[in-house]
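This report goes through selected parts of one structure, sheet by sheet and then ring by ring. The sequence and the model are shown below.

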Amino acid sequence: MLRREQFSDAIKPSARARPELRAVVLMFVASAVYILFSSWGIAQIVHDQPALTVWESANQIVLFMFAGSFAIGRIKRDSAALESALGQVHHLVENMSDAFFAVNNRDEFTFVNRHFAASFDRRPEELIGGSVWDWVAADAAPQLADLTQRARATGEAQRAEVFWPPHETWYEFNIYPHDSGLTAFYQEVTRRRQAEEALRRKTEQEAALAEFAIGALRSEDFQTSMQAAMSAASRILRGDHGSASMVDVATGQVHILAEQGILRSPRAQWAIADFPENSLMRFLFGAEQVVRFSDINNDPRFAPGPLVSSLGAKSGIVVRTPVGANRFYMLAVFSIRSMIFSEEDVRFLRAMASILTSHQERERAIERLLLQERVLDVITQGVNIVDNRRAGYPIIYANPAFAAMTGYSQDEIPGRNPYSFFPPDMTVTIASMVKQAAAERRPLRLETELIRKDGTVFLDRMVVSRISDSNGNFSHLVAVHEDVTEARRQDERLREAQKMESVGQLTGGIAHDFNNLLTAILIHTEKLREKFKTNADVSRQADIIIRAAERGESLVRQLLAFARKQELNPKTVDVNELISSFADLLRRALPAHIVLDVRMAERLPPVKVDPGRLESAILNLALNARDAMPDGGTLTIETEVRKLDEHDGFMSAQLHEGLPVVLTVTDTGIGMPREVVDRAFEPFFTTKEIGKGTGLGLSMVYGFVKQSGGHTKITSVPRQGTSVRIFLPAVVTELPLELDDSAPAVDVDASRGRILLVEDEELLRMTVGEQLLDLGYSVVVATTASEAIDTLEQGLHFDLVFSDVIMPGEMNGVELAREIQRRWPEIKVLLTSGYAEDVALSQIKLLSGVKLLAKPYRTAVLAQAISETLGGETTSPQPKPLSIPYFDDEQAAAHRWKH
């Protein structure tokens, strides 16, 4: 494992704690000398006044030295906290599931995590200092080199998917440039690529099958059709050789009718006797209709035989179909590589064989036409045929799949112009593309929107092919359609899920530990401010620390917000009332040259949201609008209730149940181009200068609204302005509005009850223990859930168990609460966590009476949470001798805390 110092040097500049410490010491010494001489001079000049004496000056120096010592100690503690946080990040990167590495500007490794080193079967220290290009596969090196060059040239993060030949896998690389080099991580996406490839191949197969079926109908030359079939089969199935043969069992002859590919059979005719008993050909004479093999040399069923051996084939797929009583066709695709052929490949080759068989038997023309129609009917893609020779280019045939796709009956489509299914503004462009492709005798492949009968739109993947008559004249077009709307949505959801998962893994651990630190900082600083409230300097410094901690708390909330993992406290809220009470703050936040225009609809139904989060969302939007209007303008905030329409985009079912409340924030600023609007909600995406924006504001708004069951939409026009609409589901039933009681008064009773505190982190355990003693509770401590169970089993009465959710050992806080409810149902349970995990939240909601207190928290919030959990009913029986740490009020007076 690499040292933390290597990690720190690899990813960021070194800390400046020591230079800052030296500066404070120098300032402290200079100021002391200044005070000493100033005091002596004043005492000499003013003899008859009560001036400063040397003794009083010395007192000031001592006080100043004490303040300087306090500041130096503070810097040391901050340095230790920074070092601890760096260690946490190092631990997370070392143990993340993605491979992570950093290189300097000479492309030499400066840091690699264990996952990266393990992929090369090396220890991390064996890679440090070496060139990254010594370990990159030759086939992947050009693409990675281009990626790193673009990152350095543009100064922007780069992403690409790269095939890694040694592992036969695909990886998604994310590369981030900085002054001293690059940092990057990657993850395997082979399965996703395989799924996409399977879908693409299926689409290609069915499109080729439909195209060939229509071509076979028109062709009168069987040999040409046979060659076209094998060409298509060899290309679609990625083979090196495709052949169609006729086997006549009665005469014992095998005739090769058509061949395509880079290989050629040495003979066009073979005798069955030429093949040994254990050969592939003899094996096909049995009951097998389909044979697939990935390595014929190691297949126990049969041997290659002279024909396959002469081709040098290693893998293949062979389909046979009967033609009469004693004859059958064999369609085969062979490869010189090891390949695995799927069931989709079998179906494709079988369909080819069926088409060829029907085409061969001209005397059964009716049966052949019915077979072609069945082929078109059973494929999942929509197919339509257009007559290019008639005015208006009418559709003369549409299969059931196309009818179902567009919402028409199969009888309603013939006679319609094919361009009537496209958006009006696209018809001219698509018609031109079709005409050009037909003139060049090539298929046209494109994705575009199609309009259903009911007016709705879907994304269509289309392949249009030209059909010529017997004289070679362009007569018809055949189009194969596939609705890929859901596939695109799934792809976007997959990408979003992968992105959120990566960020969530990183922020989750940091949020948990960072919130523990913030809790301790806030609690002790509040106590320090209260203790020295008469000392203005100490109170001022305590206020600065509290504001800094609150800023840290806000940053953690932002990170959790865009991941939709924040803990919400939803209440029934009147949006108009919230905006009215919030308007004064907004006006103070906006410069004088920006006009705030608030327009609120009458009789607005309430919504169920977290009011604090909604205020933060409005403030974020207002500040973004302020930055978009540097020369002044108007910021308009509107509320309304209106019915949704198709222009509002994709909405949840919850929003469609009633009339949603719509909150719109509009500015008259510089606006945004389309490409910026499309990425506006992405975390860390910002168009502001470095240091002027984190890229988390809109992401936080998006995550909060989505988590509240709503929807967010941005519309913007460059140089005209931007509107952000927030759709929130209205409360259907008339519920009374809930009052905000987030800061209740704390009434400390000296005999509140007895609490079992379960916390594994020593700093937080000491801090919260003192906090509970200050609130008047007797406290017993445990460091793990197992230790808490052992304590409860000793028989001492407890009114409440206050436990962290995330703890080491086999049992976490949720499992501890479940065990307490099962064995000691009279004891109340309150849980706390610095990271609102989805799993933990869902499990806590299943526990009756158990609440979750989010970190960091103040004394007042903790007091309210305990009071609500206990319900005002606490008992305090006389304590009995214990073998565990225990503190009542008398002991606490003498000894504040031990463990």
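## The sheet around β12

Strand β12 (residues 382-387) is joined to β13 by three bridges, and the two run antiparallel. Within this pairing, Ile385 stands opposite Tyr397 in β13. Strands count as paired if DSSP finds at least two bridges between them; helices (H or I, at least four residues) and strands (E, at least two) are DSSP runs, numbered from the N terminus. The model is predicted: local features need pLDDT of at least 70 and side-chain atom pairs count only at pLDDT 80 or more, while totals for chains, interfaces and linings use all residues. Residues are numbered from 1 along each chain as its sequence is written, and side-chain values use heavy atoms, with hydrogens and water left out.

β12 and β13 belong to an open sheet of five strands, in the order β13-β12-β16-β15-β14, with antiparallel pairing. The edge strands, each pairing on one side only, are β13 (395-398) and β14 (444-451). On average, neighbouring strands of this sheet are turned by 30° against each other, direction ignored. Helix α14 packs on the sheet and touches β14, β15 (457-468) and β16 (474-483); contact means heavy atoms within 4.5 Å. The direction of α14 makes about 155° with that of β14. For such angles, axes are lines fitted to C-alpha atoms, for helices over the stretch in contact, and values run from 0 to 180 degrees between N-to-C directions.

## The sheet around β1

Another open sheet has five strands in the order β2-β1-β5-β4-β3, and its pairing is antiparallel. Its edge strands are β2 (109-112) and β3 (158-164), each of which pairs on one side only. Here neighbouring strands are turned by 25° against each other on average, direction ignored.

Strand β1 (residues 99-104) pairs with β2 over three bridges in the antiparallel sense, and Val103 has Phe109 in β2 as its bridge partner. Helix α6 (residues 141-154) lies across β1, β3, β4 (169-178) and β5 (181-188), running at about 170° to β3.

## Strands on both sides of β20

Strand β20 (residues 633-641) runs parallel to strand β18 (residues 594-599), and six bridges join them. Asp597 has Thr636 in β20 as its bridge partner. Seven bridges join β20 to strand β21 (residues 661-667), and these two run antiparallel. There the bridge partner of Thr639 is Leu663 in β21.

## Aromatic rings

Rings of Phe, Tyr and Trp (its six-membered ring) pair if their centres lie within 6.5 Å; planes under 30 degrees apart count as stacked, over 60 as edge-to-face and the rest as tilted. The count comes to 16 aromatic pairs. The rings of Phe402 and Phe421 are edge-to-face, because their centres are 5.4 Å apart and their planes are at 75°. Phe402 lies in helix α13 (residues 400-406) and Phe421 in the loop between α13 and α14 (427-439), so the pair ties together parts that are 19 residues apart in sequence. Phe402 is buried, with a relative accessible area of 1%, and Phe421 is buried at 2%; buried means under 20% relative accessible area (1.4 Å probe, protein chains only).

The rings of Tyr419 and Phe422 form a tilted pair, because their centres are 6.1 Å apart and their planes are at 40°. Phe422 counts as buried at 6% relative accessibility. Ring pairs also link Phe101, Phe109, Phe116, Tyr171, Phe173 and Tyr186 into a cluster.

Note on methods:
Buried < 20%, exposed > 50% of the residue type's maximum accessible area, 1.4 Å probe, protein only.
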